[in-house]
Structures are given as C-alpha cells and as structure tokens.
Amino acid sequence: MKVRIDPDICQGQGRCFSIAPGLFGFDELGNGVVIGDGTLQADTLALAQLAQANCPEHAIFIEE
Amino acid sequence: MTIKEPVEDFATDWDHTDPRWVRDPYPIWATLRETCPVAHTDRYGGGWFPTTHEMVSSIANDTEHFTSRMVVVTNNKFPPNFIPAPMGGAPPITSDPPFHAIARRLILPAFAPGPVNALEPQIRSLCRKHLDAMAGHEFVDAGTGYAQFIPPGVIAQMLGFPAEDEDIFREIVHFILDLVDLAPEERGEMSEPTLNYFSNQIDDHLANPRDDLTSYLLNVEVGGKKLAREHVTGTIVLILVAGIDTTWSAIGAALWHLAQHPSDLARLVSEPELMPLAVEEFLRFYAPVTMARLVNDDYEFFGCPMKKDDWVLLGFPAANRDPEVFERADTFIIDREVNRHAAFGLGIHRCVGSNLARLELRVALEEFIVRFPTFTLANDADVTWAPGQVRGPRQIPIRVLS
C-alpha cells in the first residue's frame, strides 16, 4: 500500500503532518507532502488512514 | 445606525447580527438545516445562507459562480473606493483566480509551519506575561484580561507595527467586522482613520525598511514589478484583521467552554497529550469565522434562484455542525479522533494563518490551564459575544478555584 497527496487538491490545511509527522511533511508554502515514496507498513497504514479521514479537502489517497 | 426590525423567521429574513443568533446560533442553524436548508434575506441588499456542509463546500470550491470580491456582508456592496475583482480590496481573500494564486503565494511562506513554529517561545512568554498580571485575583476576565491580548502582539510583530498600537488594531477590527449595519456613507466616513493608519505605517516602512512582512510586501516583485500600493495596503489590512479577531475568538470560546465543563478541563490538565485533538474539536465546535461571497451572475443553486450580486453567507461554523458529516455533531467530544472540520475554510481560500492560529490557540490554552487548573464561569449572563461573521466571547468573567 502507498499513500499520496494530490497537490491539485491539497490546500495546506496541515492536518496530515500534524497527525502523522513521520509520514507527511510540508513544502515552503505549507502544503502537505509525502515523506519518501509513501510505502506503508502494517503499523503506518492506520496512521495514514487517520490522516486521510481528517483531511478537509479529501486530498489524501491510499492505493495498492 | 438605525434600529432594525427583529427577525421573526430566520428562513426568510435571516440576520447574522440578530441578538439570538449572536448569543447562540446553533439551534437556529439546526432548524434551518432540517427544514430549509438555504435561508434567504432581503436585508443587506439580499442574500442567502446555506446550512449544510455539502452546500458550503460546494460554494467554497466554486469560484466560477461565486466571487470573493466582498467577503464581509454589509449594507455597502459597492463602496465608492471599491477595488474590483480579480484583486479586490484585501488580496488574496478578496481575490478571484487567476490573480488569487499570485497574491496568495506571496504570503504563504511567512505562514508556513517552519516560520510559524519558531514563534512558539515568544507566544508562550506573551501568554505568561498576561497570566502574571491576573495572578492573585479570584475573579478575572479570560477575554478582556487574556484572549484579546495574544493575537495582536504576534501580528504586530510580524507586520512590524508598534505593539503599543494594540487598541487601534482592535478598533479597526471592530469597525470592519462588527459594525456591519452602518449606512454606506457612515461606513465610508469611518474607514478614513483606518486607511490613514495603514498609510502612515506604509510610509514609515518605505522610509525605514526593516525585516518584517510590511517591508517584504513593499519590496517583493511579481513579473519584475513591485506591488501596487493598494495591493500592499489590502494585504496588510487582511493580515491584521484576519489575524486578530479570529484567534482571539477561538481562545475565548475554548476558555468559556472549559469554565463550564469541569470534566473536560480536568482531562486536559491530567492528559496534556490530548491537547492537539482538543484544539481541533474547539475549532470545529466553536469555529469563529463565517465568510461571504457574492453571486457572479444569476445562478440556480440547489433550487434557489440566486441573482447577480446577491450575498451568500458562507457558514463554515454551520457546516461543522452538520450531522451528515460529523457523528454527534452537536456534542463536544474532547478526544474526537476523526474530525474533518472546516473551521479554516475549504478550497483555495483556506485560511493563510491556520498554522499560526492553531499554535496560538494551543499555547494560550496550555499556559492558562497550567496556571489555573480549575476555574468556573462566574456569571454566564455577563458573557458578551462579538456579532457578525467572526463570533466569539468578548467578556468571559471567570472565578479561579485553584
């Protein structure tokens, strides 16, 4: 499983990098970015899903 | 200012300055959401108030049918000094695409998490300074003695304005956000001192450039050209107004809540790791900011015949109470884990200062409850609420128990 942020949808609400700072960071404008290639392990999947469930813009995608 | 007719039916005659709405809007919104759900008014030159999260999100993301050129509902839809779209009077909040992205990009870096998080120590010491002044008193005011001081100090420093002008800032905010019932000519006259204040600050920064946001905006170039002075003025007005009343309201509402919910207060004191979740729930439950749009051209929205230049009151706080999106929407749950609230708006106009607002709210609450681990509301009847589109308690008389 991999997590990604759609940069066209992200508005920099900042929820992802607050909830899961190990998975998400931010760029110089404050928009969310995935750290590394976004590959999720069993223990990080739930965290990524929590970030996804809190993104007001629905900009986070978790895919096979 | 004329005395207004009281509202009899919020569905056909809404007024967001009505005393009942100001005091407790949530039951009004819940009824409208269940029965209406888009309210209309002929006041302020005509406008609409959609109450569901779906509608609010749809409008926030629809810059084609709804313009941001005016975002505060007043009787003055077309002021004489009006700056038209795409820039509007206070870019980027009053800007439409494509100009909006240019104006927004200029200020986003200053409000990104890096620079904002660096402000934490000084926000903390600002909070402690005002808590020191309250020490030893049994009865204190968490609004006029605390919440109202935190955001102005931070914003003054970012803009490079004199910290001792705080009272002027609050007057400006009051004029722009609260006095929305003024006749157009009154509003025009009253805007002069405000504009003069900003003009003097800009002149001072031109004569004495320094390392702050004002000097940055005066020097930054877009496409090889410096910004128009009206652009700089508008952005500074925006940062000052949007950066003060909003977070002040959020801090005040959170303290007002804690003063009445001892179990929530006790949990926050004993489980400080809950603070990030609590902050998001305070933002959802007491979201201070309602925005506005104007309808670009005649447009049918969810069956409503909206006319060109009708107001649309964009109720993010109402969206945050929509039971379609939030479980037990009208219940405050301090450790709510899934909380997709829209307190900072949705879409391209997401609050630029959201990282700063969160930081100020968290630090202000942390410091307050460390200093006063138990306190209670002295008298709810003495609590006053700011009217209009930024709603929050102004006087919050509390009794310190420990």
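Okay, housekeeping. Residues are numbered from 1 along each chain as its sequence is written, and chains are lettered from A and ligands numbered from 1 in the order in which they are written. In this predicted model, local features need pLDDT of at least 70, side-chain atom pairs count only at pLDDT 80 or more, and totals for chains, interfaces and linings use all residues, while side-chain values use heavy atoms, leaving out hydrogens and water.

Let's start with strands in chain B. Helices (H or I, at least four residues) and strands (E, at least two) are DSSP runs, numbered from the N terminus; two strands pair if DSSP finds at least two bridges between them. S4 (residues 139–141) of chain B pairs with S14 (residues 397–400) of chain B, antiparallel, over three bridges, and there B:Val140 sits opposite B:Ile398. S11 (residues 375–377) of chain B also pairs with S14(B) in the antiparallel sense, over three bridges.

Now, salt bridges: a side-chain nitrogen of Lys or Arg within 4 Å of a carboxyl oxygen of Asp or Glu. How many over all chains? The count is 29. One of them links A:Glu28 and B:Arg105, at 3.8 Å, N to O. A:Glu28 is in a loop of chain A and B:Arg105 in helix H5 of chain B, so this pair joins two chains.

Then there's B:Glu281 with B:Arg336, at 3.1 Å. B:Glu281 lies in helix H14 and B:Arg336 in the loop between H15 and H16 of chain B, so they tie together parts 55 residues apart in sequence. Buried or exposed? B:Glu281 is buried, at 0% relative accessibility (buried is under 20% relative accessible area, exposed over 50%, partly exposed in between, with a 1.4 Å probe and protein chains only). B:Arg336, at 7%, is buried too.
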